[in-house]
Amino acid sequence: MRLLVCGGAGFIGSNFVRGRLRGGEDSIVVLDKLTYAGRRENLQDLEAEPRFSFVHGAIEDPPAVAAAIEGADALVNFAAETHVDRSITEPDAFVRTHALGTFVLLEAARERGVRYLQVSTDEVYGSIEEGSFTESSLLDPSSPYSATKAGADLLVSSYHQTYGLQTLICRGSNNYGPYQYPEKLIPLMVLNALAGDRLPVYGDGMNVRNWLFVEDFVSAIGHVLDHGVPGETYNVGGPDECPNIVVVRRILELCGRDESLISYVTDRPGHDRRYSLGSEKVRALGWSAATRFEQGLERTVDWYRDNAWWWEPIRSGAYRDYYQRQYGLSLDR
Ligand code: NAD
Ligand code: TYD
């Protein structure tokens with residue numbers, strides 16, 4: 001299959017591209033704007049592969065999309081602004097990329113009859129105290145990030161209903177694993193623990209997330225792309241849930257540090273208490289998660305420990321200013 005993968009230079013997109021190129025016959029064009037979170041380094045090991053090519057451009061730019069989609073059988077859209085904290089301080093880019101960008105991609109897919117898969121998030125359902133969300137749960141997003149992702153999902157569904165475009169939506173729970181930018185909980189805590197810097201925990205540390213190893217999410221996305229029913233949405237939840245403070249303590253243990261590095265900091269506004277996603281529908285389609293949280297977290301810590309070439313340029317650049325603004329703390333090392 002000839003795939004256009006938008007946002008393929010980010011965390012999950014690059015893992016998806018790597019998995020598809022190694023596992024099959026696909027040829028892949030990546031279209032990516034290379035925001036702070038998108039990096040060619042994420043695809044470095046694939047550059048020499050003849051079935052892979054890269055186009056630098058934005059999904060909200062129709063000529064860039066028209067050039068990149070030429071000859072594609074399917075489009076998978078990972079391109080997004082993805083950090084809730086940044087959506088609170090600077091929501092503009094979230095609206096541009098999720099609303100306008102998704103619209104431009106849908107139009108290009110509709111004109112050419114290209115199958116379309118939108119990568120989305122459990123955050124569109126909001127917080128849940130008990131039980132798990134299903135695909136028919138109400139959308140009740142809390143942040144500019146999740147609200148604009150929910151809007152994009154609705155637009156995608158409308159292109160199936162209105163124009164008969166073959167659309168699919170995959171909503172994942174919190175991902176972790178190699179190549180994740182260290183603004184998200186797990187890579188941030190791992191790098192700080194390795195360096196001996198403080199670990200900033202929001203609120204009481206008892207917010208719960210449903211952890212999904214990135215290799216499992218990308219295998220689910222590939223499975224839905226190949227076998228999903230057009231017009232349908234598939235939730236992909238991880239096998240384990242865990243309060244943040246338990247995750248942080250385990251990371252400290254794996255890095256050989258003690259709990260004196262933990263700093264409780266001011267909570268995030270509108271902080272969702274718990275996410276939980278049922279995966280029955282995608283399991284019925286033949287997918288299941290292969291990695292439990294304990295094992296995936298160990299693999300993730302090992303990857304960051306062994307790949308300083310990947311994160312050192314991030315941690316020594318503009319990231320330090322972002323960190324200072326966000327937490328009022330500085331990175332010592
Ligand atoms: P990421 O921030 O690591 O990567 C996003 C990528 O999109 C980057 O390469 C960036 O350069 C690119 N991009 C951003 N705006 C663009 C634009 N306008 N045009 C072209 N490219 C653009 O994000 P991620 O964690 O890999 O997330 C990928 C997708 O998965 C997102 O849609 C996100 O909502 C969804 N998702 C993420 C998680 C998670 O835990 N990280 C969980 C569920 C769903
Ligand atoms: P995050 O990785 O930002 O993902 P999301 O908010 O999209 O679920 O955060 C995961 C959880 O960790 C969330 O409850 C917020 C919390 N958190 C901290 O306590 N400290 C931090 O520095 C970060 C980035 C997150």
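Which helices and strands each supply at least two residues of the shell around ligand 1?

**View 1. The shell around ligand 1.** Here α1 (11–23), β5 (115–121) and α5 (144–163) each supply at least two residues (helices are DSSP runs of H or I, at least four residues, and strands are runs of E, at least two, numbered from the N terminus). The largest share, three residues, comes from β5. A nitrogen atom of the ligand is 3.0 Å from an N or O atom in the side chain of Thr97, and a backbone N or O atom of Lys33 lies 3.1 Å from a ligand nitrogen. Taken alone, ligand 1 exposes 830 Å², and the protein buries 97% of that (Shrake-Rupley areas, 1.4 Å probe).

**View 2. Helix α6, tucked in.** Nine of the 11 residues of α6 (185–195) are buried, so this helix is largely enclosed by the rest of the structure (buried means under 20% relative accessible area, 1.4 Å probe, protein chains only). Among them are Ile186, Pro187 and Leu188. Gly196 follows α6, with a positive phi near 80 degrees.

**View 3. A three-stranded open sheet.** The order is β7-β9-β11, with mixed pairing (two strands pair if DSSP finds at least two bridges between them). β7 (175–176) and β11 (240–243) stand at the edges with a single partner strand each, so one side of each has no neighbour in the sheet. Two bridges join β7 to β9 (208–213), and these two run parallel. Tyr176 stands opposite Phe213 in β9.

Residues are numbered from 1 along each chain as its sequence is written, while chains are lettered from A and ligands numbered from 1 in the order in which they are written. In this predicted model, local features need pLDDT of at least 70, side-chain atom pairs count only at pLDDT 80 or more, and totals for chains, interfaces and linings use all residues, with side-chain values using heavy atoms and leaving out hydrogens and water.

Key. Buried means under 20% relative accessible area, exposed over 50%, partly exposed in between (1.4 Å probe, protein chains only). A polar contact is a pair of N or O atoms within 3.5 Å; within protein, one must be able to donate a hydrogen and the other to accept it, and residues adjacent in sequence count only if both atoms are side-chain atoms.
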